[in-house]
Amino acid sequence: MGEPGEPASRRGAGELAGQVLGILHAAGEPLSPAEVRERLGGELASTTVVTILSRLHAKGVLDRERAGRPYRYTPVADEPGLAARRMASVLAAESDREAVLARFVSGLSDEDEQALRRMLEDNGAGEG
């Protein structure tokens, strides 16, 4: 059972963070925690929204600037950029990066493999 005043269906922290990022991307401008909370439906405690925004900022996913007392938050990258950052972070944590890359590439669909080959050629990375 939830706390008094909480909605019956609780969202997980990851789901909330995803929703917050979606709201900030859709806004196209920096938003305050109150504006984010309002766009989430206004059901969450203000402190919950501030905590999510602060954690996303600490992870390097959001930039923030002071706007009076509160901060205003904006994503540092678009959705593909954030996915690329996550992939780079996972790769950086591995001791055998070449093995991880080999396994990743071997699991690609034919279309994705061809797209990767084109990108490598376009960037000159395919040269020996």
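The chain holds 6 helices and 2 strands, where helices (H or I, at least four residues) and strands (E, at least two) are DSSP runs numbered from the N terminus. Going along the sequence, the pattern reads α-α-α-β-β-α-α-α. This is a predicted model, so a few ground rules: local features need pLDDT of at least 70, side-chain atom pairs count only at pLDDT 80 or more, and totals for chains, interfaces and linings use all residues. Residues are numbered from 1 along each chain as its sequence is written, and side-chain values use heavy atoms, with hydrogens and water left out.

**The chain overall**

Of the 128 residues in the chain, 20% are buried; buried means under 20% relative accessible area, exposed over 50%, and partly exposed in between (1.4 Å probe, protein chains only). The chain exposes about 9100 Å², and carbon and sulfur atoms supply 50% of that, with areas taken from the Shrake-Rupley method with a 1.4 Å probe. Contact here means heavy atoms within 4.5 Å. Among contacts in the chain with a separation of 6 or more, 41% are between residues 24 or more positions apart.

**The nonpolar core**

A nonpolar core is a set of buried Ala, Val, Leu, Ile, Met, Phe, Trp, Tyr and Cys residues joined through side-chain atoms within 4.5 Å. The largest one has 18 residues, and Val20, Leu24, Val36, Leu40, Leu53, Leu56 and Leu62 have the most contacts inside it. Helix 1 (13-27) and helix 3 (46-58) each supply at least two residues of this core, and helix 1 gives the most, with 6 residues. Take Leu24: setting aside neighbours within four places in sequence, Leu24 is in contact with Leu31, Val36, Leu53, Leu62, Tyr73 and Pro75.

Ser32 sits in the loop between helix 1 and helix 2 (33-39), while Pro33 is in helix 2. Not counting residues up to four places away in sequence, Ser32 touches Tyr71 and Arg72. Val105 belongs to helix 5.

| Residue | Relative accessible area | Class |
|---|---|---|
| Ser32 | 9% | buried |
| Pro33 | 13% | buried |
| Val105 | 32% | partly exposed |

Two C-alpha to C-alpha distances go with these residues. Pro33 and Ser54 are 9.9 Å apart in space and 21 residues apart in sequence.

**Helix 4 against helix 5**

Two packed helices are described by the angle between their axes and the distance between the axes. Helix 4 (residues 79-92) and helix 5 (residues 97-106) pack at about 135°, with their axes 9 Å apart. Axes are lines fitted to C-alpha atoms, for helices over the stretch in contact, and angles run from 0 to 180 degrees between N-to-C directions. Helix 4 and helix 5 are therefore oblique to each other: under 35 degrees counts as roughly parallel, over 145 as roughly antiparallel, 65 to 115 as roughly perpendicular, and the rest as oblique.

On the helix 4 side, Met87, Leu91 and Ala92 meet Arg97, Val100, Leu101 and Phe104 of helix 5. By class, this contact has 6 nonpolar, no polar and 1 charged residues. Ala, Val, Leu, Ile, Met, Phe, Trp, Tyr, Cys and Pro count as nonpolar, Asp, Glu, Lys and Arg as charged, and the others, Gly among them, as polar.
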